[in-house]
Amino acid sequence: MRVYDIILKKRNGHELSDEEIKFFINGIMDGSIPDYQASALLMAIYFKGLNKREIAQLTMAMVNSGDMLDLSGIAGIKVDKHSTGGVGDKISLIVIPLAAAAGVPVAKISGRGLGHTGGTVDKLEAISGFNTELSKETFFDNVNKYKMSIAGQTANLTPADKKLYALRDVTATVDSIPLIASSIMSKKIASGADCIVLDVKVGSGAFMKSIDEAVLLAETMVEIGKSLNKKTIAVVSDMSQPLGHEVGNANEVKEAIEVLRGNGSEDETVVALTIASYMTVLGGAFSEFNEAYGYLKGIIGSGKALDKFKQLISIQGGNPSVIDNPELLPQAKHHIEIKSSQEGFIYSIDAESIGVAAMLLGAGRRKKNDSIDHSAGITIKKKVGERVNHYDTICILHTNLENWDEARVAAQNAFKIREIANKPSKYIYDVIQ
């Protein structure tokens with residue numbers, strides 16, 4: 001078998017066999033296929049696509065390139081959740097304690113963020129002492145005893161995906177739905193959960209800019225899950241503006257606490273309850289969505305959900321006092337208010353520009369090895385549809401840097417103000433199951 005023939009076959013629009021896909025991934029791993037040929041095949045896939053069988057096979061070949069977690073030592077139906085990423089997306093911090101409080105075991109494997117802001121692990125590490133470098137035994141014990149635990153991704157989970165993504169990143173082949181879907185699902189399947197709920201973001205702050213693209217990606221990932229005997233549901237949710245009011249690691253932990261306290265903004269509360277409801281349905285705690293949604297809304301009101309988050313912090317070595325005193329979270333030295341230059345209504349907020357501004361303040365990484373300032377971020381004071389007057393504060397920048405001019409310009413330009421009000425977008429566009 002020659003990789004040249006595989007490239008030619010896909011370039012001409014033909015299906016690749018299971019053996020050819022395995023040969024390709026094995027060649028990536030052992031170094032027998034050079035980067036220039038791997039890049040050529042990725043470009044052929046970008047233009048010619050993959051069918052359902054090819055995508056499923058590519059997914060499993062990447063899963064089999066490294067370790068696969070065996071969660072059989074954890075009782076019950078294990079549920080995992082994944083977001084395609086956005087700005088101000090702290091939903092994992094909210095849904096883990098929600099689902100666990102309903103009795104559904106959540107064995108969550110998460111990574112660090114590269115780009116606008118930190119990943120779930122980075123956010124949680126804003127809490128003093130919080131440890132995600134857990135042994136397998138501790139991880140299992142936490143889920144069995146408390147129905148929840150979160151650990152950082154191991155280095156040998158889907159190593160083929162890491163190699164392919166590095167090539168995609170420099171060959172303009174990132175935005176291929178078959179490649180995105182197989183990349184995401186390979187990591188979720190390797191993480192060992194029985195069921196997966198996917199939060200597919202759409203809008204200016206998401207990878208998928210149009211609803212049609214987001215739905216197609218959601219459908220593709222659900223098909224992969226089903227073909228590999230994993231119960232999978234995808235929720236297509238809005239990311240046309242930052243989610244909630246806080247962007248940045250400590251900021252987002254603080255806001256997650258407010259959501260679990262019952263004081264969260266409507267958009268992130270609805271999205272979190274929707275994701276958690278589907279997690280608990282797949283996990284067998286409820287038979288249908290509305291029943292689950294009502295119960296979870298109730299445990300936010302009762303304080304049980306917040307208590308569960310406090311427990312999660314405690315069992316992973318963090319300081320649970322942040323629940324009652326969020327001021328214990330890292331605080332930035334500088335707080336720069338951005339004022340409105342006109343009056344009218346917030347017509348739109350470019351979420352990507354807010355994300356870039358947060359990264360420039362220190363909340364995210366440009367390169368993999370960059371450090372994150374947990375105290376850096378942005379507070380959104382005015383959301384889409386709200387009225388503003390001259391010199392009203394529309395957002396606040398938080399940073400320890402002495403030069404924030406570039407971030408200030410990016411944040412200022414993210415807000416578009418017009419004389420007419422614009423209705424905020426729907427929070428949930430579609431559910432694929």
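**Salt bridges in a predicted model**

Lys 78 is buried, with a relative accessible area of 7%. Look at where each one sits. Lys 78 is in the loop between α4 (52-63) and β1 (79-83). Asp 194 is in the loop between α9 (177-190) and β4 (195-202). The pair links distant parts of the chain, 116 residues apart. Asp 194 counts as partly exposed because its relative accessibility is 30%, and buried would require a value under 20%.

Now find Lys 188. It forms a salt bridge with Asp 80, with the closest N and O atoms 3.1 Å apart. Lys 188 belongs to helix α9 and Asp 80 to strand β1, so this pair ties together parts 108 residues apart in sequence. Both ends count as buried: Lys 188 has 4% relative accessibility, and Asp 80 has 0%.

Turn next to Lys 187. Its salt bridge is with Asp 161, and here the closest N and O atoms are 3.0 Å apart. Lys 187 lies in helix α9, while Asp 161 lies in helix α8 (residues 159-170), so the bridge ties together parts 26 residues apart in sequence. Lys 187 and Asp 161 are both buried.

Salt bridges can also join up. Glu 15, Asp 18 and Arg 53 are linked in a network of them. Across the whole structure there are 23 salt bridges.

Technical notes. Residues are numbered from 1 along each chain as its sequence is written. This is a predicted model: local features need pLDDT of at least 70, side-chain atom pairs count only at pLDDT 80 or more; totals for chains, interfaces and linings use all residues. Side-chain values use heavy atoms; hydrogens and water are left out. A salt bridge is a side-chain nitrogen of Lys or Arg within 4 Å of a carboxyl oxygen of Asp or Glu. Helices (H or I, at least four residues) and strands (E, at least two) are DSSP runs, numbered from the N terminus. Buried means under 20% relative accessible area, exposed over 50%, partly exposed in between (1.4 Å probe, protein chains only).
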